[in-house]
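I opened a new notebook page for this complex. My plan is to go through confidence, then each chain, then the interface.

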Amino acid sequence: MKISVVITLKKDVLDPQGKIIQQTLDGMGFNNLNEIRQGKFFEIDIKESDPKKAKIQVDDMCKKLLANLVIENYKILEL
Amino acid sequence: MKSSVITFPGSNCDRDIDVALKKFGFKNRMVWHADVELPKSDLVVLPGGFSYGDYLRCGSMAAKTKIMQSVINFAKGGGLVLGICNGFQILVETGLVPGVLLRNKYLEFICKNVFVKINNKHNIFFKSLEKDILEFHIAHNEGNYFCSKDQLKEIEDNDQVALYYCNQNGDTEEQYNPNGSIKNIAGIFNKEKNIFGLMPHPERMIDKSLSGEDGSLFFKNLINNLK
């Protein structure tokens with residue numbers, strides 16, 4: 001089955017890339033932006049048909065490698 | 001004194017640190033990332049570079065290699081570990097030292113000489129070093145040290161800050177902060193002070209004709225402290 005993971009920076013963490021993207025968009029005429037935060041997205045195809053088990057495994061992956069919990073939050077979504 | 005330098009795919013300061021360690025009397029061995037066993041060492045160095053292409057987060061892949069498990073065991077048993085630049089990034093990813101290293105504040109790769117102030121000399125790395133302010137070289141894209149407020153308090157309470165960015169007089173104002181690091185932090189110890197991670201490269205300052213010699217002071221002092 002396929003599972004996706006979205007990783008975002010925590011609120012207090014500075015995101016200079018997001019800021020520059022926002023400034024650039026602003027320069028292009030998108031002037032109504034409050035904030036842009038850049039994150040990461042993973043598509044994981046896992047050999048496991050039980051969604052519960054698959055999610056437990058992906059959760060473990062997030063904690064151990066995909067996210068750094070000092071600065072990032074993650075969300076697991078079923079595709 | 002025996003030292004080991006771990007070479008990861010993408011490490012590029014491993015030979016520089018090898019030269020530096022040997023110059024000041026260490027018997028150094030290069031250890032390949034796929035090895036499992038760490039040779040008997042008095043000091044393990046994680047060198048600078050771009051391990052695993054800086055994929056995902058700098059140092060994140062290297063932190064999960066088998067050899068790093070041996071380094072973690074060595075460090076937790078009180079062994080001396082030095083992480084320079086990418087080595088520092090690997091250390092934070094293993095959790096051996098607190099915090100993380102984010103993209104530089106102004107999104108540029110910084111390559112220049114900086115001054116750093118030694119905050120704490122009650123440890124084997126800096127004990128008896130005659131200078132308080134050292135000139136080192138930095139070359140990094142992700143050196144912006146960050147940690148949560150609670151972590152920062154703990155770090156300061158335990159005197160874990162090793163180095164601050166400063167000017168040549170030792171002033172640590174924000175204007176002497178090259179990369180946006182919290183409180184100008186350039187290097188951090190673990191609680192027990194046997195693990196030391198820093199962004200600047202002391203191994204690039206070991207030759208008068210090339211750069212400077214404050215790195216020489218650091219390595220000479222370190223091997224004397226170990227004897």
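This is a predicted model: local features need pLDDT of at least 70, side-chain atom pairs count only at pLDDT 80 or more; totals for chains, interfaces and linings use all residues.

E1(B), helix H1 (residues 14-23) of chain B and E2(B) form a β-α-β unit, and it is right-handed.

**Confidence**

For chain B the average pLDDT is 96, and 100% of the residues score at least 70. For the complex, the predictor reports an ipTM of 0.81 and a pTM of 0.93.

Which strand order does the open sheet of chain B have? I traced nine strands in the order E2-E1-E3-E4-E11-E10-E9-E6-E7, with mixed pairing. E2 and strand E7 (133-140) of chain B are the edges; each has a single partner strand, so one side of each lacks a neighbour in the sheet. Direction ignored, neighbouring strands of this sheet are turned by 25° against each other on average.

I picked one more pair inside this sheet. Strand E3 (residues 43-46) and strand E4 (residues 80-84) of chain B run parallel and are joined by four bridges.

Next I turned to chain A. Three of its strands make an open sheet, ordered E2-E1-E3, and the pairing is antiparallel. Strands E2 (40-45) and E3 (72-78) of chain A are the edge strands, each pairing on one side only. From one strand to the next, the twist averages 20°.

I checked the E1-E3 pair in detail. Strand E1 (residues 2-9) of chain A and E3(A) are antiparallel over seven bridges. Val6(A) has Lys75(A) as its bridge partner in E3(A).

**Helices of chain A**

I looked at what covers the strands. Helix H2 (residues 51-66) of chain A lies across E1, E2 and E3 of chain A, at about 35° to E1(A).

I then tested the length of helix H1 (residues 16-27) of chain A. At 1.5 Å a residue, its twelve residues should span 16 Å; the end C-alpha atoms are 16 Å apart, so the two agree. Just after H1(A), I found Gly29(A) with a positive phi of about 110°.

**Interface**

How many residues of each chain are in contact with the other? I have nine from chain A and twelve from chain B. On the side of chain A that touches chain B, H1(A) gives the most, with three residues. By class, that side of chain A has seven nonpolar, two polar and no charged residues.

Key. Residues are numbered from 1 along each chain as its sequence is written. Chains are lettered from A and ligands numbered from 1 in the order in which they are written. Helices (H or I, at least four residues) and strands (E, at least two) are DSSP runs, numbered from the N terminus. The expected span of a helix is 1.5 Å times one less than its number of residues. A crossover is right-handed if, with the strands pointing away from the viewer, the path from the first strand over the helix to the second runs clockwise. pLDDT is the predictor's confidence in each residue, from 0 to 100. Two residues are in contact if their C-beta atoms, placed from the backbone, lie within 7 Å. Ala, Val, Leu, Ile, Met, Phe, Trp, Tyr, Cys and Pro count as nonpolar, Asp, Glu, Lys and Arg as charged, and the others, Gly among them, as polar. Two strands pair if DSSP finds at least two bridges between them. Axes are lines fitted to C-alpha atoms, for helices over the stretch in contact, and angles run from 0 to 180 degrees between N-to-C directions.
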